[in-house]
Amino acid sequence: MSDECCGVDEPRRPSAENRRASLQMIGVNSAKPSNDACCNPEKIPTTALDDGDACCGPDPARRPVEAGEEPEVRPPWWRDIALLPSAISGLFLVAGYALDWSGLGIVALVTQWTALLAGAWTFVPGAVRRLIGGRLGVGQLMTIAAIGAVLLGHVAEAAALAFLFSLAEALEDRAMDRAKEGLRALLTLIPENVRISRRGGNVTVPVTEVCELDLLVIGAGERVATDGVVAEGRSSIDASAVTGESIPVEVGPGDPVPAGAVNGAGSLLVEATADGRNNSLTQIVALVEQAHGRKGERARLADRIARPLVPAVLVAAALVALFGIAVGDPSTWVERALVVLVAASPCAMAIAVPVTVISAIGSASKLGVVIKSGAAFERLGTIRKVAVDKTGTLTQGRPQVTEVRTVVGTARDDVLSWAAAIEASSTHPLAAAVTAAVQDAPVAVDVSEDAGRGVTGRVGNRLIRVGSPRWLDPTGLRSDADELAEAGATVVVVEADGEVTGLIGVRDELRREAAETVRMLHDQGIGTVMLTGDDARTARALAWEAGIDDVRAEQLPADKAAAVTKLAAAGPTAMVGDGINDAPALATATVGIAMGATGSAAAVESADIAFTGHDLRLIPAALAHARRGRRIMTANIALALTIIVVLFPLALFGVLGLAGVVLVHEVAEVVVILNGLRAARPARSTPPTAVPRSSSVTTSG
């Protein structure tokens with residue numbers, strides 16, 4: 001059962017190893033353990049999920065399923081042993097009513113007692129244990145009500161209460177299991193055994209024995225057992241079950257492959273970057289199971305209502321009974337006190353949020369969206385504006401030389417060769433684009449880099465400088481520089497012996513789905529903002545192609561964080577980024593979203609949500625999913641409160657008896673469970689809404 005009413009016994013806090021593993025899950029390298037350490041079970045982080053419920057009865061803590069291990073499968077309802085006590089109670093309850101109507105009073109009473117004991121067995125022992133531990137919950141309310149009904153001679157009503165409450169608890173457990181099944185089914189994507197290349201030949205070992213740096217032999221059509229990097233071979237991999245991307249990706253030496261991906265027609269030799277028990281899939285499951293334990297706003301609202309309600313109900317019932325004693329009709333009013341006890345019990349309130357959160361977060365993980373907490377999921381559903389980093393997020397993150405402009409008398413190849421020679425030792429993304437455009441660049445000497453401006457060095461007998469137009473004035477090529485910038489290219493100026501010789505236009509192309517993503521966000525009524533450190537004209541050109549009107553260019557990390565703070569003050573704002581310079585903005589936003597497959601460790605740590613895939617369309621899909629989940633949670637809380645408000649006076653004034661109140665109360669609980677399970681289904685597309693068109697470009701140093 002859920003722990004939303006009265007809280008869990010122990011605080012949950014992910015270990016440092018879990019945090020490191022979560023970074024590895026999405027392609028970020030942190031400090032790697034030794035090969036021996038990675039296969040030491042003591043080093044493997046575990047995340048026991050607390051299924052306990054301080055209100056309605058804890059289940060035993062479940063150990064997370066490990067890779068290669070068969071996950072727990074929920075049996076069909078007609079073979080579920082957990083439903084057996086409720087089934088026995090129900091059958092004997094019906095038989096007892098039938099025997100009573102037939103005039104067989106003694107036999108009917110024995111049958112009703114059997115029904116009562118079978119149903120009570122599922123919650124009374126737990127209620128007694130929690131009472132001894134000093135905790136109050138709905139189980140105690142139901143136990144008191146059943147005992148009171150028996151003392152007043154209403155064994156049939158007590159049996160009905162026990163049957164319906166035990167059935168509701170069993171159905172809730174099945175609902176929780178169903179919500180987790182889709183998530184845990186991810187682990188079935190990992191094969192039980194894997195071939196490893198050793199000096200003496202290939203050997204087959206269980207996946208749990210795979211260590212980091214092992215060489216895995218992946219044949220055509222086989223699944224990848226753990227995260228790794230292709231060492232030999234070329235093929236295509238289908239990672240749709242892990243990342244949500246439906247298009248197979250071509251891979252070759254040096255390309256990463258995630259656990260659970262299906263290999264195409266070629267054979268691959270993959271070097272493991274994670275051990276078999278602690279890879280991307282196991283970490284997704286661990287993160288999501290931790291997530292629903294960290295309560296969101298609505299979970300806390302349910303807590304604030306339900307926690308004081310249990311003792312308040314006991315006090316109210318006691319006052320009703322004392323009133324009956326005072327007016328001289330104790331039997332009638334004690335019975336009504338028991339009915340009030342059941343009518344005002346907050347069990348539906350206790351499960352209103354957890355089943356929804358578990359269902360929604362679990363299904364999001366199958367789309368490639370890892371939500372780190374229930375609070376983040378709820379905040380995601382409030383977002384009205386999305387701020388997006390440009391480089392590596394909105395764009396492909398692979399800058400390429402698109403055009404070269406030269407002065408008269410200078411060859412295009414010379415400009416590129418000089419620039420490539422100077423940029424060879426630079427780690428800047430633009431430098432990589434320039435060097436990739438030249439096959440045999442000359443060697444430069446005396447190279448020095450002025451961070452943020454450019455690079456200087458000697459190529460042959462020439463002094464070459466390569467840098468931005470803000471550092472090197474393009475002079476006679478100013479109009480060409482403006483033209484390249486307006487086309488969305490970043491301009492690199494090349495100077496030889498003090499004279500500008502040419503311009504290199506480097507452009508990081510938009511992701512193919514960028515414009516569609518922005519359009520989908522606008523259709524949901526969500527505004528978009530581009531935040532980038534790039535030149536204003538370059539940023540504006542790419543933003544225009546993507547359909548983004550609000551552009552904040554030439555932004556330093558502090559500028560991005562300040563912009564997001566201002567946006568979040570005006571309305572809930574999500575920040576989407578992937579780099580170290582995005583980390584402050586991600587931490588500042590209402591919800592930080594890290595593009596996980598290429599993201600930096602700082603970005604992932606700062607974010608509330610991480611994407612295991614690359615497709616930007618996950619953003620509007622995740623937002624729609626979260627909005628729908630919030631609506632379902634709100635409806636569940638409203639329904640749970642309505643039941644209490646309506647039943648309380650009906651019970652107090654004797655309009656409904658114990659059997660009627662129990663029936664209505666438990667039916668409402670089942671409705672809450674079924675409604676919460678709806679959150680596992682993806683949201684339907686949102687109808688288009690008008691988005692005002694306005695253009696603004698803000699620049700800052």
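Is phenylalanine 323 buried, exposed or partly exposed? With a relative accessibility of 42%, phenylalanine 323 counts as partly exposed.

**Confidence**

- The average pLDDT of the chain is 75, and 74% of the residues score at least 70.
- Helix 19 (residues 514-523) has the highest confidence in the chain, at 93, while helix 1 (residues 16-25) has the lowest, at a mean of 35.
- Residues 1-71 stay under 50 in pLDDT, and the model has 181 contacts beyond four places in sequence for them.
- Residues 685-701 also stay under 50, with 35 contacts beyond four places in sequence.
- Where pLDDT is low, the predicted coordinates should not be read in detail.

- Six strands form an open sheet with antiparallel pairing, in the order 12-17-16-15-14-13.
- The edges are strand 12 (400-406) and strand 13 (444-450); each has a single partner strand, so one side of each has no neighbour in the sheet.
- From one strand to the next, the twist averages 20 degrees.
- Within the sheet, strand 14 (residues 454-459) and strand 15 (residues 462-467) are joined by six bridges in the antiparallel sense.
- Across from arginine 458 you will find leucine 463 in strand 15.
- Helix 16 (residues 412-423) lies across strands 12, 13, 14, 15, 16 (490-496) and 17 (499-507), and runs at about 105 degrees to strand 14.

**Aromatic pairs**

- The count of aromatic pairs comes to two.
- One of them is stacked: tyrosine 97 and tryptophan 101 are 6.1 Å apart centre to centre, with 25 degrees between the planes.
- Tyrosine 97 and tryptophan 101 are separated by about one helical turn because they are four residues apart in helix 3 (residues 84-101).
- Tyrosine 97 is partly exposed at 27% relative accessibility, whereas tryptophan 101 is exposed, with a relative accessible area of 71%.
- Phenylalanine 323 and tryptophan 333 make an edge-to-face pair, because their planes stand at 80 degrees, with ring centres 4.9 Å apart.

**Around tryptophan 333**

- Arginine 336 lies over the face of tryptophan 333, 4.6 Å from the ring centre.

Key: Residues numbered from 1 in each chain as written. Predicted model: local features only at pLDDT ≥ 70, side-chain atom pairs only at ≥ 80, totals over all residues. Heavy atoms only, no water. Pairing = 2+ DSSP bridges. Helix = DSSP H or I, 4+ residues; strand = E, 2+ residues; numbered from the N terminus. Axes fitted to C-alpha atoms, helices over the stretch in contact; angles between N-to-C directions. Contact = heavy atoms within 4.5 Å. pLDDT = per-residue confidence, 0-100. Phe/Tyr/Trp six-rings, centres within 6.5 Å; stacked < 30°, edge-to-face > 60°. Buried < 20%, exposed > 50% of the residue type's maximum accessible area, 1.4 Å probe, protein only. Lys NZ or Arg CZ within 6 Å of the ring centre and 35° of its normal.
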